[in-house]
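I opened my notebook today to look up a few things in a structure with two partners. Here is what I wanted to see, entry by entry.

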Amino acid sequence: MTPTARRRIDQAVSSLAALSAMVVIAPLLMIFGFLIYQGASAVNVDFFIHLPKPVGETGGGVANAIVGSLIMIGLAACVALPVGILGGVYLAESREPRLPWVVRFLADVLNGVPSIVFGIFAYTVVVLPMRRFSAFAGGLALAFIMVPIILRTTEEMVRLVPNALREAGFGIGLPQWKVTLHVVLPTARAGIITGVIVAIARVAGETAPLLFTALGNRFWHQGFDQPIAALPLQIYAYAIAPYDDWHRQAWAGALVLITLVFVTSLAARLATRGRTVAR
Amino acid sequence: MARSVTLVEGASGRAWRPPAATRGRVGRIGDPLFRALLKGSAWLVILLAIGLVIALAWESSGAVRAFGLRFIVTSTWDPVAGDFGALPFIYGTLVSSLLALLLAVPLSLGAAIYLAELAPAWVRPPVAFLIEMLAAVPSVVYGLWGIFVLVPWLRDWVQPSLGRWLGFLPLFSGPAYGVGMLAAGLILSIMVVPYITSVAREVLLAVPNAQREAALGLGATRWEAIRIAVLRYGRSGLIGAVLLGLGRALGETMAVTMVIGNRPAIAASLFAPGYTMASVVANEFTEATSDLYVAALVEVGLLLLVVTIVVNALARLLVWSVGGPAAGARE
């Protein structure tokens, strides 16, 4: 090949690569644009403080679904936070040969398991024995999804803590658990919080695992052992319904959901900005 | 994320246990307890994985006993007669996922190459950030967009013209419903692109610079250096990235359910409605009245679990082989 031909190919491939990067981000702009175009008009104060209205009545809101989502995320965090953080510290600090490798590998594999499968799991371990759909079951399904994410970020962040800090702790005679609780974890705190936020942003939008665990509800929270509403479930129900008014509600709900997810992701990213540079 | 290099070599080992002389009395009771607590949490992850498989196997045992292997090779799905065969769902899952990969892989690799190798430094962070945001969009939002934007567009524009020019192929024949396999493949490709792109980008970033410099030093152009020295070096990791995308596509539920048409039939045409394993579980689980019906749906879930575990395990090993265990950890 002549040098000119090679240079031409180089230029062609470079432009193709740049073009594919543009094509890849185009859907994001299209989706966000449409959400604002369709949803912004239906987002108002009522939307955040009212219950859904029956078919035929205009207006109404998704306040119960927002509250329901928050309750289930809270339940999920209560389970997933301790397990994920303590397990992550174990992965980073253990010197055993095999177990950390196995756990790390399983966590990554679990991270790729479809969320609906976690829904089935929560159904078999909570809904079947209790004989009813419940906020508990939904929260647990979300917790299963959160654990691997929190575990792996915590591990990464704890690994970043300089060894000199641990040695300083040991040097003044602290036991291992005090070094971890008072030196290592506070140092890694910002990174771990980021991991938690990322996990929350991920499960906040999950619909599939809630379909047959939380089930959905058109009323306010009625106890942890009762079916409960969630914002993604409500969007789904509105989207597949045949009513124009509900479609507007679906767009509005999606706009609220995606804004929440983006804002939390952005916050998480800004919080660790300094850290990724240091790596 | 940036290349994850462990900053503290040996952080895993030497710091774990201080010399016995420095440990106080509390340490003697507190440390074993604390270590047991940490280890217990790690074991919970193992238990979660094992419990997942056992619970699904247990709940689906009725269907496994009733149908055996017939379950995955027959295509009757008749809840009233209690006769279940999952072939249409398996077919729908495979076809929609492969279609998605066909569209997503070239784009993702192109974007990853651009971001890791070619883009000016100031372009990289914002574009990488937008791609991460694409991964953060909830599935149900993609589905909503699919129903009201993608499906009408396919029905009114794409499918009529595809049918006019390529209608002689069975692939593009039949009426244009909008909803169907093509819509599912398209929405899936949009959804898996960010996963493949960000893992592929990390793999490329993990390729040592000496590789590039050696090729450039021999007089290669930038693209030749990428092709010869970078892509080949990172090949197994890139295959892993594609497999991770495949795993996502296989298990993706809501968006697909909303645009695929949900009809348990095997059709040659991409325009025809189909059904996937994840969608049938999502749609029919709460309506399942008989024990056998529930068991059959759980077995579909179990199949999905097994397939995604295999695909993901393979993908992780391949990605780790290039980038180390930290690569792609948060995807």
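Which residues of helix 5 of chain A are buried? I found Ser115(A), Ile116(A), Val117(A), Phe118(A), Gly119(A), Ile120(A), Phe121(A), Ala122(A), Tyr123(A), Thr124(A), Val126(A) and Val127(A). I call a residue buried if 20 or more other C-beta atoms lie within 10 Å of its own, exposed if 12 or fewer, and partly exposed in between, with C-beta atoms placed from the backbone. I count helices (H or I, at least four residues) and strands (E, at least two) as DSSP runs, numbered from the N terminus.

**Before going on.** I note that this is a predicted model: local features need pLDDT of at least 70, side-chain atom pairs count only at pLDDT 80 or more, and totals for chains, interfaces and linings use all residues. Residues are numbered from 1 along each chain as its sequence is written, while chains are lettered from A and ligands numbered from 1 in the order in which they are written.

**Helix 5 of chain A.** I see a mostly covered helix, with 12 of its 16 residues buried. I checked the length of residues 115-130: at 1.5 Å a residue they should span 22 Å, and the end C-alpha atoms are 22 Å apart, so the two agree. The expected span is 1.5 Å times one less than the number of residues. I also noted a bend of about 40° at Tyr123(A), where a bend is the angle between axes fitted to the seven residues ending there and the seven starting there. Just after this helix, Arg131(A) takes a positive phi of about 60°.

I counted 12 helices and zero strands in chain A, and its C-alpha trace spans about 70 × 70 × 35 Å along its principal axes. Of the 279 residues in chain A, 54% are buried. Chain B has 13 helices and two strands, and 50% of its 331 residues are buried.

**Where the chains meet.** I find 86 residues from chain A and 91 residues from chain B in the contact; two residues are in contact if their C-beta atoms, placed from the backbone, lie within 7 Å. Helix 1 (residues 3-39) of chain A gives the largest share of chain A's side, 18 residues.

**The core.** Of its 204 residues, Met146(A), Ala183(B), Ile187(B), Ile196(B) and Val259(B) touch the most other members. Its largest share, 17 residues, comes from helix 7 (residues 181-205) of chain B. Why does this core lie between domain 1 (29-58) and domain 2 (88-323) of chain B? Both domains give residues to this core, so it lies between them; the bounds come from an automatic or database domain assignment. Not counting residues up to four places away in sequence, Ile187(B) touches Tyr142(B), Gly146(B), Leu150(B), Ala255(B), Val256(B) and Val259(B).

Terms used. Core = buried A, V, L, I, M, F, W, Y, C linked by C-beta atoms within 7 Å.
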